[in-house]
Structures are given as structure tokens and as C-alpha cells.
Amino acid sequence: MQTNPKTNSELSFNDFKAEVLNDYKIAVTSRECSLLGRREVLTGKAKFGIFGDGKEVPQLAWAKSFKKGDWRSGYYRDQTLMMALGLLNIQQFFAGLYAHTDIEADPMSAGRQMGGHFATHSLNEDGSWKNVTEQYNSSADISPTAGQMPRLLGLAQASKIFRNDKGASKMTQFSIKGNEVAWGTIGNASTSEGLFWETINAAGVLQVPMVMSVWDDAYGISVHAKHQTTKENISEILKGFQRNDEEDGYEIFRVNGWDYGALIETYEKAGKIAREEHVPVLIHVQELTQPQGHSTSGSHERYKSEERLQWERDFDCNVKMREWMIANNIATDEDLSELEKNIKKEVRDGKKAAWDAFLAPQREEQQEAITLLGNLAESSSNKNFIEKIKNDLASEKEAQRRDIAAATRKALRYVVGEDSSEKRQLLDWISNYFETIQPKYSSHLYSEAKENATTISEIKPTYNEAAEEVDARLVLRDNFDAIFAKHPEVVIFGEDAGKIGDVNQGLEGMQEKYGEIRVSDVGIREATILGQGIGLAMRGLRPIAEIQYLDYILYCLQIMSDDLVTVQYRTKGKQKAPLIVRTRGHRLEGIWHSGSQMGGLVHLLRGMYILVPRSMTKAAGFYNTLLETDEPALVVECLNGYRLKEKMPTNMGEFRTPIGVVETVKEGNDITLVSYGSTLRIVEEAAKELQQVGIDAEVVDIQSLLPLDLNHDLSKSVAKTNRLLVIDEDVPGGASAYIMQHIVDTQNAYQYLDSKPQTLSAQPHRPAYGTDGDYFSKPSAEDIFEKVYEMMRESDPSNFPKLR
């Protein structure tokens, strides 16, 4: 070992000895959980396993420098840290492996994520914030490789904001003078991902208190490091990031993952530097092993040589720690053997307790179903068939809920023509069963607090009698001014957002007035802009992350889809990230910056709101609404609307656009025209022209795609007009298909239709460059006019003769 204990007295040595023995106990417990966990997967009790074996000792050292108030953003190998911090016990480990849906049994995700994904609880039962400075914090993990990195950046940046901004520094529930460190972990092979490099660069630029541990076991899945990393050494190729006397950068450490003493010393140094100086640190933990291979999906004997396997046996971190303890008279081989024997029993007992607790409610549900099926069989002419279903269910020794639900539902097929109290009892039971059980798997996609974004009432903008018509971007600017004054926790950042006040001047003068911490420019790096927002929001700030154009959302879409929109869901409401993503798009010319890929966003971003205001006043109202609640949202401003004229409201920062509520902007009786954003102005133009030929169209602005028309006002419009056309500039089958399905299927508006409901979307391609490219690619006023005219002509050709 490189480091030996130095003690001044027998007492201090005894304390040190006790601490080391306790550490070893945690390491062995964690390893036994990994070994037994793999067996549980192979026996079929658990679906998949990915474990932290081989990484135990460095995580023990890490835990000694992890302070209350700190945050973790790691990947699925950090179980030993969680155990060392007292955040995970044996039974909880196995409850997660079995996917126990009780948040008390599996506090990490209530069975919504596979084992190895860890989260602490930032929220009280009512959805309000806890004092997170009084606890160890782990942001909820995600599986996608390197997906934890962008969020890590934001978690670290929050400390910098709390330390340097007067308004934020008063938020002592979330930070104590910005002294918290954000700790990240990643496998060495995953450092090949772009998200790793983007985050490393951004953290170096921002100089935030981030400590990044790279667990290096020389492989990524089955692929050796020589195929992953230049020079097979991530710290070697990151030497250019090392800080010096003249330039900011990183502090970089290398340490062997089996060296207990050196690891403790390294993590202590890293934590001190990051915490006190707000400098990012990279710790390259080398010479680690992975005793069971990557996961339960395969064996590492297939791709590692016998020499490598023998080296891993010799240099296993737990083995090396054991050897060191014996060599330094901390314990004897007999002592440790007895300890290891007792731990094996503890882990087996904890596993059994977890499995019994997992099965207990399902056994009760199974017995209820068996009783009801037996009663039904006795009352039915199809007794034999129902008896078989009952007996098959009874023979299931470890019945799952799907078995119970399937059996009861299948039995109903045999009593279709019968009416009995037993049948009614079973029907009621099934209904109640799904009402009770379904939320265990699908709750908290959105906030379930009493006051959420959809409950915020509309407050209309007010105007003076002589309200001035101004460039619409000034409405946004003055509303942001009011927001910054009213909400000290709000920060906004993005490309061009700071010095020049965003590309369309909606933030003009805001940086000069409120400072560079609250209104800031960032580099061209959309994924980590989004990640900054997630991390800041998880720490109690209210970030607005600006993605310059809607097309650029594609750069950060994976982070939005896999991380942001699932935070509440994957923690069953125990964490939240109320990030507002601001962008602009629609109706421009050219392949780029003209995208309206709303259909893709709607399907990939379930879990956040997608708001599509037609004007800057409506957009400003959405920002005001969102800041009264605590949920994530994407606001898409109309890119061609900043120079259009709008009246200047007098109640800046106060008026609110309701979420999930449509607005009828023109009443009509002949046909319902549905659209949003910039296209709505073209629909309004076409509606005026249709009026001239005797067609009275009703024009409805949906305003938000997610959620869409909570009050079902669209079906009410169709009930009045009996015709429907959805107009959208997305590609065919995109947002228009989504809107149509919602109106016809969810709202059952089909029953009011006198003709086929139709859509009018853009062409399958993106627009070619130039005004004519837009005209021939996206719906024009003429397209809308002719489409509506033909729909009317179908039922009344005498009044609407053929156009062409």
C-alpha cells in the first residue's frame, strides 16, 4: 500500500481499526449482494442485473468525503457508496432488484427502474421541498450511457450560483454558502461518449465544484479500452485540461482502485479543492476489476483472457484490502473469515425478507381472485371452464399481478350472457383492482400535487386605453424584467442570451440589469445547456434554459427524453426538476431553422408540457404561469413573430396563459379549423377569405400540445360545426395526427361529424431555401382555402361549384 495509518495513541489506532473493519464489512456486504443478486436474475426472480462489484473500496473512500448537502450524479455501479452513507440496506437492495412497487420497500424508484439506480428523496409528501442541506443527496440515475453527465454540470453550477448571487444565497434550504460538491461517476469506456466530453469542457469553462470519478476496469461491456480511448488512458489525454498558475482548468488525480489508503487521501484532497476553491476535479481510478462481467446478460469469461481473469482475482479491491488489513494487524484471517461468514447469512436473510415482502400483497390479491373465481364458477353454466382458470391461478406459487389480472378477465368471457351477483362482484373487484394497481406503474408522469400547472387560472393581460402597439419582442423583454424582479431564484442562460439579449432581443438589457450570474451566455453545447437546467432545477433554482432554435432541440433531445421528463415518474414523485426550456421555431425558409418537428417531440417528451403560443403575449403568459408551479415545460416562441406588433400589457409578470386550455379566436358554424403557433395566423387569413364565399369557419388555437384541451372544447366546437380540419406545419402523420386522434378518439368527436375529418400538414420534406420553398412545403392560405372549400363542396356542390 502507498499509505499507512499514522496514529498518536492506542485509542486513536483502535478507532481507526474499528473504522476500517466497518468499511470492510460494507465492502463485503455490497459484494455479497452483487453475487446473490446475479443468482436471483438467473433463477428468474429478477429481470436483469447490473452490479457494483469490483468498485467497493474506492466508493468507501469517496463516502468519507461526501458531506451532507452534496449531490451525486452517477451510473449504475455505485451501490457501495449508498450503503456506506446509510442510504441503502440489504433488503432495499433486493427490493429494487425485484421491482417492488412500494416506495417504502424500494425508496430508490418503487420498482420503476432496474437495480443499481439510486435516488434520495428531495420532496415531502405534499411535493414541497425538504431541506436538502441536511441530507446526503443522489439525483435519480438513468441507464443511458453518459446521460448522467449533463445533469451533473447543473448540480455543480448551483453551488456557484448560491455562493455568488445575493438573492440565491438566502435560499438556505438548498445550499449553505455554495459549499456543496457535485460528485459524478462514469465507467472508463463511457468516457468515449460525446456527453462526457461536452460536460468536461463546460465544467472547466464554468469552474464549478464537480468531482468526476472514472471507474477504470479496462473494458466497456466486452470491448477493451484500446478500442475505446486514445492511449487507453482517459487522464492522460485530458492532461490539457490540467490547471496551472496562469490558466483555469481541472485538478487531475490518478489512483489505484485497490489502494484503500491512497484512495482516502485522494478523495479527501479532491473534495477539499472542489468545495473550497470551486475547481472541477477528475479522479481516474485505475486497476479496477469487474468480477461478474458487465451484467447478467453475459459472461466475461467469453472475452477476457485467462491471464486477465487471474489478474482480476489477484487485484480484486476487496481481496487487496483484506490482505492490507492482515498485514497491518487490523484483523486476523480468522477474524475476517468469521465476519465474512456472518455477512453472507445477513445478505441471504435480507434477500429472503425482500422477496417475502414483495410477494405478500400479491398473495393476498391472488387469494381474493381465487375466491371470486370459485364463487363465479358455482353460479355459472360454464363452471368447468372457470374452475380450470381458478385452479391454474391457484397453482401459481409466486403469482405476479399480470397472472391475477389476466385470469379474472378471461373468466368473464364465459359469463357474457349471464347475470349474477357473483359476476357483478368480480366485475367490481377487477375495476377496483386496476384503479388501485395501475397507478403503481404509471403515476407521477406529471405532478400530482394539489396545485400543478394545469390548475393555475388564467389572468388576462390588461391594457391602457391608449395601449401602444410595439414590436412583440418588447412584450417578452418587459415581462422577463418583471420575472427577474419578482423571482430571485430565476436564472436564464443560452447561446446569445446574455450580452446581446438573445438573438431576437427578448432579453435586451437584462444581463446589464441583473448580472452575468442570472442572465448568462453559454457555449454552443445544447446537451449541457439542458443538463445545467436539470441540475439547477433539482437544487431549488428556477432555470430557463434557452435553446436558440427549435431544430437544435435535437442535440439535447436524448437528455430531455431520458432524464428531464422522467424525473418525477422514476422517483414516484420524490424528486422534481421544474426546468423551463425556451426556444423558437416555425415557418422559416430553408432546411435548417425552419423545423416544426412537433410530432416527434410530443411522443418523446411525455412528462413535460409542450406549449406553442401564437404570440409573444401568450408566450409571456406561459412563463408567468409556469413560475407559479413546479413542473418542466418547453415553450416554443414563433420565430417570425418578434417584429410583429402587439399591444403592451400593463400587468407584466402577472398575466397568465392557462395550460391545457384551447382558445377560440374566431367563432363559426360551418367547420372547425384547428391549429397553433405561426400557422394559426395563416389559418385566420384563410378564414377571412372563406367568409367571402359564404363559409363560416371556427378557428381554434390549441395553445399547448401537452396537455391538449383538458376541457374537451374541441369536441364541443365539432358538435357545433360537424366538420373538422387540423392544420399543422409538421410532416404528415406528425402533430396533426396526434391532434386528430385526440379529438376523434379521446374526445369521441366522431359522433358529431357529417364528413370525414381531415388534416392539412406540410410536405414530407423540409422547406427548400427561399420564400417559395416555404410556400411549396408548408400549408399556405390558398391550401387551407381550397381544402375547406372542397370539404364543403362534398355536401353542397350546388352552392360550391368546382374550383379547378
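**Figure 1. The loop that holds P707.** In this predicted model, P707 sits in the loop that runs between β20 (704-706) and α24 (713-721). Helices (H or I, at least four residues) and strands (E, at least two) are DSSP runs, numbered from the N terminus. The peptide bond that leads from L706 into P707 is cis, and its omega is near -5°. Residue numbers start from 1 along each chain as its sequence is written, and side-chain values rest on heavy atoms, with hydrogens and water left out. Because the model is predicted, local features need pLDDT of at least 70 and side-chain atom pairs count only at pLDDT 80 or more, whereas totals for chains, interfaces and linings use all residues.

**Figure 2. Whole protein, for orientation.** The protein contains 27 helices and 22 strands. Its radius of gyration is 30 Å, close to the 28 Å given by the globule rule for 804 residues, so the protein is as compact as a globular protein of that length. The radius is taken over C-alpha atoms, and the rule is 2.2 Å times the number of residues to the power 0.38. Along the principal axes, the C-alpha atoms fill a box of roughly 100 × 85 × 45 Å. Of the 804 residues, 60% count as buried; buried means under 20% relative accessible area, exposed over 50%, and partly exposed in between (1.4 Å probe, protein chains only). Among contacts with a separation of 6 or more, 79% join residues 24 or more positions apart, a contact being heavy atoms within 4.5 Å.

**Figure 3. Two residues with positive phi.** I221 is placed in the loop between β5 (219-220) and β6 (223-224). Phi of I221 is near 55°, a positive value in a residue other than glycine. I221 is exposed, with a relative accessible area of 54%. D502 belongs to the loop between β10 (490-494) and α17 (510-514). Phi of D502 is near 75°, again positive in a residue other than glycine. D502 is buried, at a relative accessible area of 0%.

**Figure 4. Surroundings of Q207.** Q207 lies in the loop that links α7 (194-206) to β4 (210-215). With 11% relative accessibility, Q207 counts as buried. A polar atom of the Q207 side chain lies 2.9 Å from the backbone oxygen of G204. The Q207 side chain also reaches the backbone oxygen of G249, at 3.0 Å. Leaving aside neighbours within four places in sequence, Q207 is in contact with K160, D248, G249, H278, V279 and P280.

**Figure 5. Helix α2.** Helix α2 covers residues 56-65, and nine of its ten residues are buried, so the helix is largely enclosed by the rest of the structure. The buried residues are E56, V57, P58, Q59, L60, A61, W62, A63 and S65. Q59 is also one of the residues touched by Q79.

**Figure 6. Q79 in helix α3.** Q79 is part of helix α3 (residues 79-84). At 1% relative accessibility, Q79 counts as buried. A polar atom of the Q79 side chain lies 3.0 Å from the backbone nitrogen of G52. Not counting residues up to four places away in sequence, Q79 touches S30, S34, F51, G52, Q59, L88, F93 and F118. Q79 and L604 are 525 residues apart in sequence, with 30 Å between their C-alpha atoms.

**Figure 7. Surroundings of S139.** S139 is found in the loop between β2 (137-138) and α5 (148-164). At 0% relative accessibility, S139 counts as buried. The side chains of S139 and R151 make a polar contact at 2.8 Å. A polar contact is a pair of N or O atoms within 3.5 Å; within protein, one must be able to donate a hydrogen and the other to accept it, and residues adjacent in sequence count only if both atoms are side-chain atoms. Beyond residues up to four places away in sequence, S139 touches W71, R72, S73, F118, R151, L155, M538 and Q575.

**Figure 8. Surroundings of V565.** V565 occupies the loop between α19 (553-562) and α20 (567-570). With 3% relative accessibility, V565 counts as buried. Not counting residues up to four places away in sequence, V565 touches L445, M560, L604, L605, R606, G607 and M608. Y609 is 44 residues from V565 along the chain, and their C-alpha atoms are separated by 9.1 Å.
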